[in-house]
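Subject: Structure handover

Hello,

Here is the structure you asked about. My notes on what was found follow below.

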Protein chains: 2
Amino acid sequence: MRKSIATVSLSGSLSEKLTAVAAAGFDGVEIFENDLIASPLTPEDVRARAADLGLAIDLYQPFRDFEAVPDEVLDQNLRRAESKFEVMERLGADTLLVCSSVSPDAVDDDGLAAEHLNLLAGRAREHGIRIAYEALAWGRHISTYDHAWRVVEAADHPALGTCLDSFHILSRASDPRGIEEIPGEKIFFLQLADAPLMAMDVLQWSRHYRCFPGQGGLDVAGLLAHTVRAGYRGPLSLEVFNDVFRQADAGRTAVDAMRSLLALEESAGLAALPETVVPSGFAFAELTAADTEPLTGMLGSLGFARTGRHRGKPVELWEQGEARVLVNTSGSDRRSGPSLAAVGLESADPDAAVRRAETLLAPVVPRRRGADDVPLDAVAAPDGTELFFCRTGRSGHPSWTDDFTPVAARTAGTADDGDRAGVTGIDHVALPQPWHHFDEAALFYRSVLGLKPDESQDLADPYGLFRSRAVAGPGGTLRIALNVAPSPEGEATRSQHIALATDDIVATARRLRGRGTAVLPIPANYYDDLGARYGLPAERLGVLRELDILYDRDGSGEFFHFYTVTVGRVFFEVVQRTGGYGGYGARNATVRLAAQHTAQLGAV
Amino acid sequence: MRKSIATVSLSGSLSEKLTAVAAAGFDGVEIFENDLIASPLTPEDVRARAADLGLAIDLYQPFRDFEAVPDEVLDQNLRRAESKFEVMERLGADTLLVCSSVSPDAVDDDGLAAEHLNLLAGRAREHGIRIAYEALAWGRHISTYDHAWRVVEAADHPALGTCLDSFHILSRASDPRGIEEIPGEKIFFLQLADAPLMAMDVLQWSRHYRCFPGQGGLDVAGLLAHTVRAGYRGPLSLEVFNDVFRQADAGRTAVDAMRSLLALEESAGLAALPETVVPSGFAFAELTAADTEPLTGMLGSLGFARTGRHRGKPVELWEQGEARVLVNTSGSDRRSGPSLAAVGLESADPDAAVRRAETLLAPVVPRRRGADDVPLDAVAAPDGTELFFCRTGRSGHPSWTDDFTPVAARTAGTADDGDRAGVTGIDHVALPQPWHHFDEAALFYRSVLGLKPDESQDLADPYGLFRSRAVAGPGGTLRIALNVAPSPEGEATRSQHIALATDDIVATARRLRGRGTAVLPIPANYYDDLGARYGLPAERLGVLRELDILYDRDGSGEFFHFYTVTVGRVFFEVVQRTGGYGGYGARNATVRLAAQHTAQLGAV
């Protein structure tokens with residue numbers, strides 16, 4: 001279906017917005033009136049600019065507080081409308097959104113509202129314009145879509161139809177099945193927005209917290225399916241008021257918006273995208289470091305062995321169990337120290353995975369590949385992390401590991417099996433997200449990789465609340481924790497981490513303790529509280545306390561975890577899950593974050 | 001009364017918090033359990049640190065989900081309590097806050113709740129500890145203060161009392177008069193917090209948006225008065241969960257907190273502060289500039305005349321009507337260009353004004369005054385702007401203008417009366433506020449200067465929503481608009497402005513146009529909309545359009561205003577108010593902000 005977006009959804013001048021919308025591949029725009037009013041471009045300029053960019057002007061909006069008013073106010077309102085019709089003719093826009101009135105002038109009289117809307121539609125038709133009447137969720141007398149439709153039906157004018165808005169409908173928990181009772185040709189427009197589920201005043205919720213479909217908690221796909229079944233064939237148009245998007249780069253937000261619509265069409269069964277290939281695990285984590293010593297020292301002390309060296313690039317492979325870490329000395333920034341630059345994801349079909357990612361507008365990473373290297377496909381996640389789709393060691397397929405020349409055991413920096421610490425693989429990685437793109441990230445992982453986002457959680461750092469939202473594959477085969485800082489300041493330096501799995505955390509911790517691994521010290525007070533909270537046996541509590549192991553549990557299992565100190569931007573976590581524990585120890589995050597600040601200060 | 005604050009109200013480690021609390025002059029603290037758990041300090045360390053700082057530990061909190069549970073859960077809960085009593089003994093804390101249960105284990109049985117609380121109080125007393133039971137606004141069965149008190153009364157134990165929390169009581173719109181029916185000695189603790197009036201889930205409201213009394217919309221002073229009338233003599237203790245305060249500097253937040261309590265005691269009639277001397281107008285605005293040319297060029301073109309030169313400092317006085325602008329070349333930063341550094345406020349009693357400001361912890365500005373200079377007292381506002389209290393040209397009092405040597409007319413940069421543009425005085429100044437200190441600023445102007453804050457408004461800039469909150473004296477004699485940017489990034493460069501009053505904006509605008517003053521161009525689309533919105537006569541609209549004058553009106557009058565381009569960090573506005581218009585043209589802010597971005601880019 002045609003795709004459109006309201007200019008209010010993006011930051012910048014009207015000109016910047018149009019450019020961004022066109023670049024992201026939209027077919028049209030809704031011109032939000034305030035964007036035109038504040039623009040130095042004349043309506044004719046805007047029309048020409050949109051035409052040059054290949055954009056239709058699908059809607060002009062909003063026209064407020066029109067209907068069901070006393071006669072003298074009606075006269076003023078009709079004059080006001082005539083003036084807008086003139087602007088629309090200059091713009092080349094043929095549909096005007098009229099919102100249900102919130103004015104104290106309006107009376108509760110559906111017949112009068114219908115009569116006035118009929119009159120307005122008649123005037124509009126003289127200009128070749130159609131009126132799309134929409135119920136605001138906080139409309140004074142008309143606040144539901146079915147009520148708005150009854151008034152439109154009663155007004156019975158060919159230039160009058162209704163506009164449906166997923167936020168206004170779903171925020172009030174109206175039943176969207178009734179949409180199918182509206183004749184499709186009378187649905188003049190469809191505006192789409194999602195929102196996180198929040199118990200708050202609907203006007204504030206609407207004006208500040210809307211997001212693109214797939215980023216919130218509303219069933220926008222279901223609503224869309226009903227609307228198409230009703231016979232609607234107009235554009236799918238996003239209208240999102242969001243405090244963060246208003247600050248973000250317009251070009252990037254527009255791409256996020258388009259990705260949302262593509263995924264939405266698929267969810268609603270309206271379009272097929274290349275099949276989702278959900279990754280089944282981590283192939284590797286790739287760290288870049290100009291100076292590898294602090295990092296390889298840490299890896300060695302964690303029981304990793306250097307097992308390979310890339311044939312053509314300055315990259316080393318370190319392994320322990322199924323955990324593989326690449327250390328890459330090319331292209332890193334010495335000042336920021338080691339950082340996590342890429343993640344390898346096990347994929348049953350890397351080509352298909354890349355096709356889907358490309359279709360969903362994920363940037364494909366330019367390959368810096370030698371002639372003989374095994375093909376390795378990657379896309380960039382919203383935070384810049386490169387995601388490689390890998391088939392590690394599967395018979396009949398080339399494996400990226402073939403590009404590495406094995407390193408003889410017992411050379412410096414390697415460990416033989418006796419030195420291993422029991423790490424079995426990578427449990428999850430945690431990636432700090434750009435402050436302006438946290439919603440984008442959740443949608444990216446959901447739509448591109450088929451991972452399921454958890455609810456967002458607050459984590460109290462001593463210097464502000466972080467938010468964290470994990471995405472995971474079915475059965476927890478792949479887990480990524482996405483974190484966002486309290487404010488956009490200094491975000492480039494925020495830490496990333498790699499969580500390693502073990503089946504016996506006590507043995508692993510003891511082994512590491514024995515070899516002097518720098519483990520993050522946890523305050524004694526934490527264990528006093530832990531004992532009180534869970535009534536753990538004294539002996540068990542003593543072991544946790546001795547080894548700086550944190551503990552959590554939920555209805556289905558237990559979670560044990562400890563942390564290393566931070567090297568550059570990166571630290572490691574070692575975790576053990578028992579039963580069906582599916583979380584990340586969020587309850588312990590406050591203690592961990594405070595301990596990291598303490599460790600960084602190097603003092604109590 | 002004694003003053004205390006919960007550690008959760010401040011950012012940082014527990015040690016930083018204690019230091020900040022003591023420095024701000026508090027008598028005690030509530031230790032928020034998570035702050036202790038995350039601290040590397042032992043309870044004994046904390047006790048010693050607090051004692052060294054002269055702080056009592058007035059409360060340990062919170063203890064959750066205790067009462068009205070099945071027997072086996074009760075046993076666990078009592079064990080949990082015993083463990084906390086031990087921690088409290090180590091801390092030297094003698095009062096434990098117990099919140100009403102939110103657990104699904106809890107049953108709706110007041111008798112059982114009372115029985116369990118009696119049991120808990122008995123155990124507590126063995127450790128010399130008292131239990132203060134508080135109703136959470138979202139408690140499962142007990143969510144109002146009067147209900148909590150009935151349970152405490154029924155439990156009837158000397159070591160059991162109630163804790164009142166202004167947020168929990170006022171957020172539910174409970175009637176606080178009932179507090180007077182509780183015997184004062186059974187009110188073991190009083191927690192104070194304000195909050196902006198918001199229609200949202202009370203738990204989220206409480207956890208993210210609380211603020212210090214006087215910064216929000218709850219009648220905390222009234223509640224306090226009832227509590228004191230009940231006979232409460234314990235500490236006034238602030239407990240504020242606020243996302244912004246969590247990020248702000250703890251030392252500064254603690255001072256803000258103490259200012260709030262001092263003003264609150266005064267509002268509740270519990271303490272007298274030096275009398276409020278509400279300023280009656282602007283004496284001057286002081287701009288600093290390393291290179292004065294762009295600024296004095298602008299002042300000259302606006303019709304200001306250079307009328308004086310300071311006897312001992314590199315400061316010039318420029319005047320027009322009652323508008324006085326000082327141009328100071330000392331101490332300014334060349335890179336940021338001209339900026340507004342100080343404001344002179346007309347005060348009937350400068351000494352008294354400074355006494356009040358000092359009592360309310362406003363930093364007194366060190367005087368850089370020559371031996372013969374007229375005394376001029378200043379304090380620093382939260383954004384660093386210096387506020388001078390002046391008595392300009394009053395007979396019998398020295399005037400700051402006496403320090404200026406008159407400049408002969410017709411010298412360069414002066415204008416004779418024929419060149420004046422009709423500016424009569426300063427209408428208001430607009431000051432961008434530090435992102436972390438917007439609530440602090442409103443309280444500062446309210447408590448220190450006796451100005452009344454308006455409601456906060458959103459202003460849509462092309463790159464994010466600004467918030468704006470004006471403070472004004474009675475009858476609009478003094479108006480200051482406080483603005484805060486969408487995020488803390490780059491806030492040092494945000495612009496300030498001086499709004500000049502005229503009685504005839506058209507004549508002033510024509511005069512300025514004639515002399516080539518650089519006025520901010522307003523888009524033609526704005527006037528098309530203005531005509532439609534208000535049905536202004538074509539001729540009048542034409543004049544506004546020609547002169548780039550913006551227009552607004554409210555129920556009592558009209559507002560006309562135009563802007564100059566920005567020089568350094570500063571721009572000027574010229575305004576005319578008719579009737580009783582009391583606003584600032586906020587409706588036009590979107591257009592002005594967009595026009596400023598356009599002008600800054602120097603291109604359409």
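Two strands are said to pair if DSSP finds at least two bridges between them. Helices (H or I, at least four residues) and strands (E, at least two) are DSSP runs, numbered from the N terminus. With those terms, W318(A) stands opposite V325(A) in strand 12 of chain A. Strand 12 (residues 323–328) of chain A pairs with strand 11 (residues 315–320) of chain A in the antiparallel sense, over six bridges.

This is a predicted model, in which local features need pLDDT of at least 70 and side-chain atom pairs count only at pLDDT 80 or more, while totals for chains, interfaces and linings use all residues. Residues are numbered from 1 along each chain as its sequence is written, chains are lettered from A and ligands numbered from 1 in the order in which they are written, and side-chain values use heavy atoms, with hydrogens and water left out.

The sheet

In chain A, eight strands form an open sheet with mixed pairing, in the order 14-15-13-9-12-11-10-16. Its edges are strand 14 (377–380) and strand 16 (404–406) of chain A, each of which pairs on one side only. On average, neighbouring strands of this sheet are turned by 30° against each other, direction ignored.

Two helices

Helix 15 (residues 524–534) and helix 16 (residues 538–547) of chain A have axes that come within 10 Å and cross at roughly 160°. Axes here are lines fitted to C-alpha atoms, for helices over the stretch in contact, and angles run from 0 to 180 degrees between N-to-C directions. Helix 15 and helix 16 of chain A are therefore roughly antiparallel to each other; angles under 35 degrees count as roughly parallel, over 145 as roughly antiparallel, 65 to 115 as roughly perpendicular and the rest as oblique. The contact (heavy atoms within 4.5 Å) involves A524(A), Y527(A), D528(A), L530(A) and G531(A) of helix 15, and L541(A), L544(A) and R545(A) of helix 16.

D548(A) is not a glycine, yet has a positive phi of about 60°.

The two chains

Between chain A and chain B, 48 residues of chain A are in contact with 48 residues of chain B.

Cis peptide bonds

The peptide bond from Q61(A) to P62(A) is cis, with omega near -10°, and P62(A) is found in strand 3 (residues 56–63) of chain A. In chain B, a cis peptide bond joins Q61(B) and P62(B), with omega about -10°.

Regards
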